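Good morning, and thank you for making time for this presentation. Please look at the sequence and the structure on the screen while I speak.

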Amino acid sequence: MTRSAVLVGVDIVETDRIARTVSDGGAAYGRRVTTPAERELHAGSPLADAASFAVKESFIKAVGGRPAGFDWHDFEERGEEQGWATPLLAEAASALGTSTELTLTTGASYTIRGASRRAALARLAPQENDAPVAGAARWGLSAGLLVALAIVTVDSKGAL
């Protein structure tokens, strides 16, 4: 498996601010930011929408911003953190934890598609339009902050 480059994004948000946004937006906010599969995956979890927002913001930063055609559903949680991501996330989370004194305790892998996938490919492997793009994230809560760390990579040999 070849991974020549990785994109990294971080988002830090005050939990009170995001809680107000989630509360004010209600179900419409959840539908806008999360996919049906994510809502099913996290049914009954009060912090799921807040965490999803911060994680997706960190992915937006990793791919270089919100490209034309961007949709929040470009990033979809698909389950537990994959083996390829664990050492990368552990190293980055440790460095972030050292500088912020926050521990990132929850992680997952993500599908990256649409405009955000194209943006990641343009930065990582512009000559490989059909290469698989993989994402993974970790996040945690502490002292009124929600911190999310995302990594994005392309597997030019198609072996994700």
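At what angle do α1 and α3 pack, and how far apart are their axes? Before I answer, please note that this is a predicted model. The angle between α1 and α3 is about 80 degrees, and their axes are 9 Å apart. An angle from 65 to 115 degrees counts as roughly perpendicular, so α1 is roughly perpendicular to α3. As for the residues involved, α1 contributes Ile-18, Val-22, Tyr-29, Gly-30 and Val-33, which meet Asp-49, Ala-50, Ser-52, Phe-53 and Lys-56 of α3.

Let me turn to the sheet. It is open and consists of five strands, in the order β1-β5-β4-β3-β2, with antiparallel pairing. At its edges are β1, residues 6–14, and β2, residues 75–79, each of which pairs on one side only. On average, and with direction ignored, neighbouring strands of the sheet are turned by 30 degrees against each other.

Is β2 mostly covered or mostly uncovered? Four of the five residues of β2 are buried, and the strand is thus mostly covered.

Helix α1, residues 15–33, lies across β1, β4 (133–142) and β5 (145–154), and runs at about 85 degrees to β1. Helix α5, residues 114–124, packs on the sheet as well, where it touches β1, β2, β3, β4 and β5. The direction of α5 makes about 65 degrees with that of β5.

Leaving aside residues up to four places away in sequence, its contacts include Ala-51, Val-55, Glu-77, Leu-104, Tyr-110 and Val-147.

Finally, I would compare two threonines. Thr-153 belongs to strand β5. Its relative accessibility is 0%, and therefore Thr-153 counts as buried. A polar atom of the Thr-153 side chain lies 3.0 Å from the backbone oxygen of Ala-5. Thr-103, in turn, is found in the loop between α4 (85–100) and β3. Why does Thr-103 count as exposed? The threshold for exposed is over 50% relative accessible area, and Thr-103 is exposed because its value is 56%. Thr-103 is also 39 residues from Ser-142 in sequence, with a C-alpha to C-alpha separation of 7.8 Å in space.

Thank you for your attention.

Methods. Residues numbered from 1 in each chain as written. Predicted model: local features only at pLDDT ≥ 70, side-chain atom pairs only at ≥ 80, totals over all residues. Heavy atoms only, no water. Pairing = 2+ DSSP bridges. Axes fitted to C-alpha atoms, helices over the stretch in contact; angles between N-to-C directions. Contact = heavy atoms within 4.5 Å. Buried < 20%, exposed > 50% of the residue type's maximum accessible area, 1.4 Å probe, protein only. Polar contact = N/O pair within 3.5 Å; in protein donor to acceptor, adjacent residues only side chain to side chain. Parallel < 35°, antiparallel > 145°, perpendicular 65-115°, else oblique.
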